[in-house]
Amino acid sequence: MIGLDSDLYERCTFPQGGVISDVPTILKDTRDAEIADLRGIDAVIHLAALSNDPLGNLKPGLTDEINHRASVRLAELAKKAGVGRFVFASSCSNYGKSGEGMIDETGTLNPVTAYGEIEGCF
């Protein structure tokens with residue numbers, strides 16, 4: 001297991017001893033990832049995004065750059081590096097307002113924020 005993280009919320013992490021310290025980590029923004037970072041990796045579980053509606057609304061262009069363009073680029077780099085599996089995790093924000101009933105992944109996309117719109121691109 002290897003992490004790739006810009007550590008944007010470094011000041012908000014658990015106190016020493018509360019984090020998994022034995023996981024090797026590449027401190028890098030996903031926008032700066034290189035094919036060398038992915039060589040020898042079997043699978044990528046992509047969780048690196050600006051991850052909420054208010055943050056997405058603050059700078060929609062930045063949200064698009066990180067959550068959409070960098071994610072697509074990372075997937076392309078992973079493929080070139082021979083990574084066998086790429087899993088992109090998303091949130092329910094791409095479904096937006098769906099009414100009172102429960103919906104599943106077949107539900108209609110109805111994003112109401114920049115974050116939800118970008119997440120729905122995949």
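Let's start with leucine 4, which is partly exposed, with a relative accessible area of 24%. In this predicted model, leucine 4 sits in strand β1 (residues 3-5). Setting aside residues up to four places away in sequence, leucine 4 touches Ile26, Lys28, Asp29, Thr30, Ala33 and Asp37. Leucine 4 and leucine 38 are 34 residues apart in sequence, and their C-alpha atoms lie 9.7 Å apart in space.

Beyond its neighbours within four places in sequence, leucine 38 is in contact with Val44, Leu74, Leu77, Ala78, Ala81 and Val83. Leucine 38 also belongs to the largest nonpolar core, whose 9 residues are Ala33, Leu38, Ile41, Val44, Leu74, Leu77, Ala78, Ala81 and Val83. Which helix gives this core its largest share? That is helix α3 (residues 60-81), with 4 residues.

For a contrast, look at the surface. Ile45, Leu47 and Val87 form a nonpolar patch there, with about 320 Å² of accessible area together. Isoleucine 45 is part of strand β3 (residues 43-46). Why does isoleucine 45 count as exposed? Its relative accessibility is 62%, and exposed means over 50%.

Here are the two residues with their accessibility values:

| Residue | Relative accessible area | Class |
|---|---|---|
| Leucine 4 | 24% | partly exposed |
| Isoleucine 45 | 62% | exposed |

Finally, a word on confidence. The protein chain has a mean pLDDT of 83, and 88% of its residues reach 70 or more. Among the chain's elements, helix α1 (residues 35-38) has the highest mean pLDDT (96), while helix α4 (residues 114-119) has the lowest (70).

Definitions and conventions. Residues are numbered from 1 along each chain as its sequence is written. This is a predicted model: local features need pLDDT of at least 70, side-chain atom pairs count only at pLDDT 80 or more; totals for chains, interfaces and linings use all residues. Side-chain values use heavy atoms; hydrogens and water are left out. Patches are made of residues with over 30% relative accessible area and no salt bridge: like charges are joined within 9 Å, nonpolar side chains (Val, Leu, Ile, Met, Phe, Trp, Tyr) within 5 Å. Accessible areas come from the Shrake-Rupley method with a 1.4 Å probe; for residues, only the protein chains shown count as cover. A salt bridge is a side-chain nitrogen of Lys or Arg within 4 Å of a carboxyl oxygen of Asp or Glu. Helices (H or I, at least four residues) and strands (E, at least two) are DSSP runs, numbered from the N terminus. Buried means under 20% relative accessible area, exposed over 50%, partly exposed in between (1.4 Å probe, protein chains only). Contact means heavy atoms within 4.5 Å. pLDDT is the predictor's confidence in each residue, from 0 to 100. A nonpolar core is a set of buried Ala, Val, Leu, Ile, Met, Phe, Trp, Tyr and Cys residues joined through side-chain atoms within 4.5 Å.
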